[in-house]
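Q: I have a protein model open, and I would like to learn how to read its features. Could you take me through it step by step?

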Amino acid sequence: MQIKQATKADYPVLIEVWEASVRATHDFLAESDLLALKPLILEQYFDAVDLVVARNDTGDIVGFCGVYDDNIEMLFIAPQARGQGVGALLVSHAINTQAATKVDVNEQNEQAVGFYQHIGFSVIGRSPLDGQGKPYPLLHMALAKR
């Protein structure tokens, strides 16, 4: 597995990974919200973060992570690659190379909350609305001081 800086040429694959991942893990999200987010992710959010991709041994992108300041803004893993350490590898890179210490997680995404807790993040706050003002509560998590 290799972590590489993402390029604009990767964006079409990244948006496919994003959608497949969201459909596999965000069953609480309304279809209309997913469809509204997709162009924002592709046209604005990818460019707003320090974006890296995880490539498997055959060079296929199996996940990606975006960091802004010290916050993990996005972490998405292709459904077929879940449970294989891709997320842990990307988060480790975000912490050790991109200085990430915080993440916001949808409260309803219990697998993600558990994943970040397992890595060492703790809940430090909660917002009743997501970043788009939708009623999808966010848990604010921070890495325990080392």
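Q: Let me start with a single residue. Is Val105 buried or exposed?
A: Keep in mind that this is a predicted model. Val105 has a relative accessible area of 4%, so it is buried. Its place is in strand β5.

Q: What does Val105 touch, apart from residues up to four places away in sequence?
A: Val105 touches Ala112, Val113, Tyr116, Pro137, Leu138, Leu139 and Met141. For a sense of scale, Val105 and Ala81 are 24 residues apart in sequence, and their C-alpha atoms are 20 Å apart in space.

Q: Leu139 is one of the residues that Val105 touches. Where is Leu139 found, and is it buried or exposed?
A: Leu139 is found in strand β7, residues 138–143. Its relative accessibility is 10%, so it counts as buried. Leaving aside neighbours within four places in sequence, Leu139 is in contact with Val103, Asp104, Val105, Glu107, Val113, Val123, Gly125 and Arg126. From Leu139 to Leu37 there are 102 residues in sequence and 19 Å in space, C-alpha to C-alpha.

Q: How should I think about groups of buried residues? Which residues touch the most other members of the largest nonpolar core?
A: The general idea is that in soluble globular proteins, nonpolar side chains tend to be buried together. Here the largest nonpolar core has 43 residues, and Phe64 and Ile72 touch the most other members. Helix α1, residues 11–25, gives the most to this core, with 6 residues.

Q: Which residues is Phe64 in contact with, beyond its neighbours within four places in sequence?
A: Among them are Leu14, Val17 and Trp18. Phe64 is also in contact with Phe46, Leu51, Val52 and Val53, as well as Met74, Leu75, Phe76 and Leu90.

Q: Now for helices. What span should the 12 residues of helix α3 have?
A: At 1.5 Å a residue, helix α3 (residues 86–97) should span 16 Å, and its end C-alpha atoms are 16 Å apart, which agrees.

Q: Which residues of α3 are buried?
A: First, a general idea: an α-helix has 3.6 residues a turn, so residues three or four places apart point the same way. In α3, the buried residues are Val86, Gly87, Leu90, Val91, His93, Ala94 and Ile95.

Q: Which residues of α2 are buried, and what do they pack against?
A: They are Asp33, Leu34, Leu37 and Ile41. These buried residues of α2 pack against α1.

Q: At what angle do the axes of α3 and α4 cross?
A: They cross at roughly 55 degrees and come within 11 Å. The two helices are therefore oblique to each other. Gly87, Ala88, Val91 and Ile95 of α3 make the contact with Phe115, Tyr116 and Ile119 of α4. The crossing of α3 past α4 is right-handed.

Q: What about the backbone angle phi? What is the phi of Asp69?
A: Most residues other than glycine have a negative phi, and most peptide bonds are trans. Asp69 has a positive phi of about 55 degrees although it is not a glycine. Its place is in the loop between β3 (61–68) and β4 (71–77). With a relative accessibility of 60%, Asp69 counts as exposed. Ala99 is also not a glycine, and its phi is positive, near 60 degrees. You will find Ala99 in the loop between α3 and β5.

Q: One last loop. Where is Gly120, and which residues is it in contact with beyond four places in sequence?
A: Gly120 is in the loop between α4 (110–119) and β6 (121–127). Its contacts are Ala142, Leu143 and Ala144. Gly120 has a relative accessible area of 24%, so it is partly exposed.

Terms used: Residues are numbered from 1 along each chain as its sequence is written. This is a predicted model: local features need pLDDT of at least 70, side-chain atom pairs count only at pLDDT 80 or more; totals for chains, interfaces and linings use all residues. Side-chain values use heavy atoms; hydrogens and water are left out. A nonpolar core is a set of buried Ala, Val, Leu, Ile, Met, Phe, Trp, Tyr and Cys residues joined through side-chain atoms within 4.5 Å. Buried means under 20% relative accessible area, exposed over 50%, partly exposed in between (1.4 Å probe, protein chains only). Helices (H or I, at least four residues) and strands (E, at least two) are DSSP runs, numbered from the N terminus. Contact means heavy atoms within 4.5 Å. The expected span of a helix is 1.5 Å times one less than its number of residues. Axes are lines fitted to C-alpha atoms, for helices over the stretch in contact, and angles run from 0 to 180 degrees between N-to-C directions. Angles under 35 degrees count as roughly parallel, over 145 as roughly antiparallel, 65 to 115 as roughly perpendicular and the rest as oblique. A crossing is left-handed if the near helix is turned anticlockwise from the far one by less than a right angle, and right-handed if clockwise.
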